Amino acid sequence: MIYTVTLNPARDRTVVISDFAAGKVNRIKSFRDDPGGKGINVSKVIKSLGGQSAAMGILGGGTGKYIKACLDDMGIQNDFVIVDAETRTNIKVFDDINLVTTDINEAGAPVDAGALDEVLKRILAKADKGDIVVFAGKIPAGAPSDLLYRWISALKEKGILTVLDADSKTLSEGVKAAPYM
């Protein structure tokens with residue numbers, strides 16, 4: 001089984017605005033909402049290729065309920081820790097004349113250590129030797145930069161393969177645990 005972990009997911013709202021211009025009134029031509037975050041996107045691709053995965057991580061508020069409902073509707077297994085803080089919404093502005101996309105991303109709410117511990121507990125309870133756990137995207141504000149180093153190390157002890165897609169200090173710390181990819 002492939003488990004994808006998204007600790008800072010988002011509702012991605014893509015709006016189409018012809019000839020978008022900063023500092024001016026712009027009219028939305030159309031829009032679309034999608035469950036997002038790098039790990040969730042990995043689960044969506046696996047599903048589209050006919051495979052199975054389980055999306056895990058942290059969700060909260062009405063946006064979190066929306067993301068979970070979408071994943072349920074898509075037939076993607078999921079097991080998220082639910083918190084009080086609202087899951088973020090990101091806006092993607094696609095200019096269909098100039099063929100340019102502008103991303104406007106929220107940072108996401110900080111998550112307490114208890115919620116993070118619960119995510120790891122659930123991963124360790126589900127994943128077995130030979131399974132793959134994909135850690136993708138930013139970690140929540142306030143989480144220690146060595147979080148994924150510790151998680152990857154714990155999973156490797158059980159013979160679980162790990163994939164790391166992160167940036168900045170989270171990446172430099174995480175690779176020290178020598179993930180599979």
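At 24% relative accessibility, Asp 96 counts as partly exposed, a class lying between buried (under 20% relative accessible area) and exposed (over 50%), as computed with a 1.4 Å probe on protein chains only. The model is predicted, so local features need pLDDT of at least 70 and side-chain atom pairs count only at pLDDT 80 or more, whereas totals for chains, interfaces and linings use all residues. Residues are numbered from 1 along each chain as its sequence is written, and side-chain values use heavy atoms, with hydrogens and water left out.

Asp 96 forms a salt bridge with Lys 29, the closest N and O atoms being 2.6 Å apart; the term denotes a side-chain nitrogen of Lys or Arg within 4 Å of a carboxyl oxygen of Asp or Glu. This pair links distant parts of the chain, 67 residues apart: Asp 96 is in the loop between S6 and strand S7 (100–104), and Lys 29 is in the loop between strand S2 (10–16) and S3. Helices (H or I, at least four residues) and strands (E, at least two) are DSSP runs, numbered from the N terminus. Lys 29 is exposed, with a relative accessible area of 56%.

By this rule, the count of salt bridges comes to 14. Among them, Asp 79 and Lys 126 meet through their side chains at 3.5 Å, N to O. Asp 79 lies in strand S5 and Lys 126 in helix H3 (residues 113–126), so this pair ties together parts 47 residues apart in sequence. Lys 126, at 36% relative accessibility, counts as partly exposed. Asp 79 and Lys 126 also belong to a network of salt bridges with Glu 118 and Arg 122. A further salt bridge joins the side chains of Asp 103 and Lys 92 (3.9 Å, N to O). Asp 103 is in strand S7 and Lys 92 in strand S6, so the parts tied together are 11 residues apart in sequence. Asp 103 is partly exposed at 47% relative accessibility, while Lys 92 counts as buried at 15%.

Asp 95 is found in strand S6 (residues 88–95). A polar atom of the Asp 95 side chain lies 2.9 Å from the backbone nitrogen of Phe 20. Beyond its neighbours within four places in sequence, Asp 95 is in contact with Ile 17, Ser 18, Asp 19, Phe 20 and Val 100, contact meaning heavy atoms within 4.5 Å.

Strand S4 is mostly covered, with 8 of its 8 residues buried. Ser 53, Ala 55, Gly 57 and Leu 59 are buried on one side, and Ala 54, Met 56, Ile 58 and Gly 60 on the other. S4 runs parallel to S1, to which 5 bridges join it, and parallel to S5, with 7 bridges; strands pair if DSSP finds at least two bridges between them. Ile 2 stands opposite Ser 53 in S4, and Met 56 stands opposite Asp 79 in S5.

In helix H1 (residues 38–48), Gly 39, Ile 40, Ser 43 and Ile 46 are buried. Viewed down the axis of H1, the buried residues fall within an arc of 115°, so they line one face of the helix; the arc is that of the directions from the helix axis to the C-beta atoms. Their cover includes strand S4 (53–60), helix H2 (61–74) and strand S8 (132–136). Just after H1, Gly 50 takes a positive phi of about 90°.

Notes
A polar contact is a pair of N or O atoms within 3.5 Å; within protein, one must be able to donate a hydrogen and the other to accept it, and residues adjacent in sequence count only if both atoms are side-chain atoms.
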